[in-house]
Amino acid sequence: MDRGQAYVEFDFAVVTMDALYVGEAKKRNALAANPKSTKRELNKLLEGSRQVGATHLVLATAAPAWKEAMLTAVKEQVHGDLRAGKNTPQIVLLTALETTPTLTTLDGTPFAVE
């Protein structure tokens, strides 16, 4: 909530003994239709993650992969936030939800929940 108004909504959340994962799920391969909307949506998700103390932000899609332009925008935003000293959750990508779900980090390496 921001000043009494809904600001961001997460589609799912998972808690382990060591982590809080919050996530956004999309049918398509991007958070939004254009770069400006993608940045706005991502910033809402990141700020909401910070507010609840999430350690991870999971971006999930039914598509086989996220759109490359969207991934570039996410990487740029995360790097900028880290340079600015913001507490930023680790981004985890979950793809191919309907067929062969795959978890990776933002740099493409496999991700495993420990």
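Hi everyone, and thanks for coming. One thing to keep in mind from the start is that we are looking at a predicted model.

Let's begin with the overall layout. The protein has two helices and five strands. How compact is the protein? Its radius of gyration is 13 Å, close to the 13 Å that the globule rule gives for 114 residues, so the protein is as compact as a globular protein of that length. Picture a box around the C-alpha atoms, drawn along the principal axes, and you get roughly 40 × 35 × 30 Å.

Of the 114 residues, 39% are buried. The accessible surface comes to about 7,000 Å², and carbon and sulfur atoms account for 54% of that. Now take the contacts between residues at least 6 apart in sequence: 65% of them join residues at least 24 apart. As for charge, there are 13 positive and 13 negative charges, and their mean positions lie 9 Å apart.

Now let's go inside. In soluble globular proteins, nonpolar side chains tend to be buried together. Which residues have the most contacts inside the largest nonpolar core here? They are L59, V74 and I91, in a core of 18 residues. Two or more residues come from each of β2 (20-26), α1 (35-52), β3 (56-61), α2 (68-83) and β4. Helix α2 gives the largest share of this core, with four residues. Have a look at V74 on your screens: leaving out residues up to four places away in sequence, V74 touches L42, L59, I91 and L106. There is another core apart from this one, with seven residues, including A19, Y21, A60 and L94.

Find S49 in helix α1. Is S49 buried or exposed? S49 has a relative accessible area of 0%, so it is buried. Beyond its neighbours within four places in sequence, S49 is in contact with F10, V22, A54, L57 and P89.

Compare that with A69, which sits in helix α2. A69 has a relative accessible area of 53%, so this residue counts as exposed. And how far is A69 from A30 in space? From C-alpha to C-alpha the two are 8.5 Å apart, although 39 residues separate them in sequence.

My last stop is a pair of residues around the end of a strand. T95 belongs to strand β4, and it counts as buried because its relative accessibility is 13%, where the cut-off is under 20%. Once we set aside neighbours within four places in sequence, T95 is in contact with T61, A63, P64, A65, W66, T100, P101 and T102.

Then comes A96, in the loop between β4 (90-95) and β5 (102-105). A96 is buried too, with a relative accessible area of 6%. What is the phi of A96? The angle is near 55 degrees, which is a positive value in a residue other than glycine. For background, most residues other than glycine have a negative phi.

Key. Residues are numbered from 1 along each chain as its sequence is written. This is a predicted model: local features need pLDDT of at least 70, side-chain atom pairs count only at pLDDT 80 or more; totals for chains, interfaces and linings use all residues. Side-chain values use heavy atoms; hydrogens and water are left out. Buried means under 20% relative accessible area, exposed over 50%, partly exposed in between (1.4 Å probe, protein chains only). Contact means heavy atoms within 4.5 Å. A nonpolar core is a set of buried Ala, Val, Leu, Ile, Met, Phe, Trp, Tyr and Cys residues joined through side-chain atoms within 4.5 Å. The radius of gyration is taken over C-alpha atoms; the globule rule is 2.2 Å times the number of residues to the power 0.38. Accessible areas come from the Shrake-Rupley method with a 1.4 Å probe; for residues, only the protein chains shown count as cover. Lys and Arg count as positive and Asp and Glu as negative; His and the chain ends are not counted. The place of a charge is taken as NZ of Lys, CZ of Arg, CG of Asp or CD of Glu.
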